[in-house]
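Work through the exercises below with the sequence and the model in view. Each task is followed by a solution in steps.

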Amino acid sequence: MTTSPPSIEWPLPDEDATVALAQRLAGLACGRTPGGPAAGGRIHLRGELGAGKTSLARALLRAGGVTGRIKSPSYALLESYNVSNLYFYHFDFYRFSDAHEWRDAGFDELLDEHAVVLIEWPEQAGTRLPPPDLDIRLEYAGAGRHARLTACSEKGQQWLTHLDPPRR
């Protein structure tokens with residue numbers, strides 16, 4: 001008998017709720033949560049076009065301490081930031097046409113466990129990516145969104161333990 005990985009549901013009725021989730025995740029990913037895991041981790045962001053992947057990533061980067069303009073990596077594929085010696089790598093694989101492209105670009109070298117790695121459209125890399133710590137699926141829910149956060153590692157399970165989703 002197989003058990004499904006631990007997950008939680010998180011309603012995102014508006015932008016404020018998305019920012020609140022990003023702030024909680026940033027505290028965990030940056031190692032600022034008392035009793036939480038060390039800084040760094042990989043987060044995969046999934047969902048249809050317009051579901052809020054880039055919005056959540058931007059809010060997380062902002063909450064992580066990134067100042068200035070936060071660009072979408074849709075065309076460059078990667079935007080990187082350094083805040084107090086913590087690296088943030090924001091990938092967008094939407095434009096990949098072949099699962100090998102991410103490794104051919106040398107991106108595998110940036111999947112450091114001590115960096116915060118956000119990957120939009122990870123499915124475009126096929127099975128070539130290592131599993132994330134946390135997989136976030138964003139879906140439309142009326143005028144808002146809904147997030148399902150699934151832990152894919154021990155660190156991801158620790159993150160879920162420290163998150164307290166809002167009650168419906």
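Two strands pair if DSSP finds at least two bridges between them; strands (E, at least two residues) and helices (H or I, at least four) are DSSP runs, numbered from the N terminus. The model is predicted: local features need pLDDT of at least 70, side-chain atom pairs count only at pLDDT 80 or more, and totals for chains, interfaces and linings use all residues. Residues are numbered from 1 along each chain as its sequence is written, and side-chain values use heavy atoms, with hydrogens and water left out.

**Exercise 1.** Find the bridge partners in E7 of Leu134 and Asp135.

Solution. Start with the two strands: E6 (residues 134–141) and E7 (residues 144–151) are antiparallel, with eight bridges. At the turn, two residues separate E6 and E7 in a hairpin, where Gly142 has a positive phi of about 65°.

**Exercise 2.** Why is E7 largely enclosed by the rest of the structure?

Solution. Apply the cut-off: buried means under 20% relative accessible area (1.4 Å probe, protein chains only). E7 is largely enclosed because six of its eight residues are buried.

How values were computed. Buried means under 20% relative accessible area, exposed over 50%, partly exposed in between (1.4 Å probe, protein chains only).
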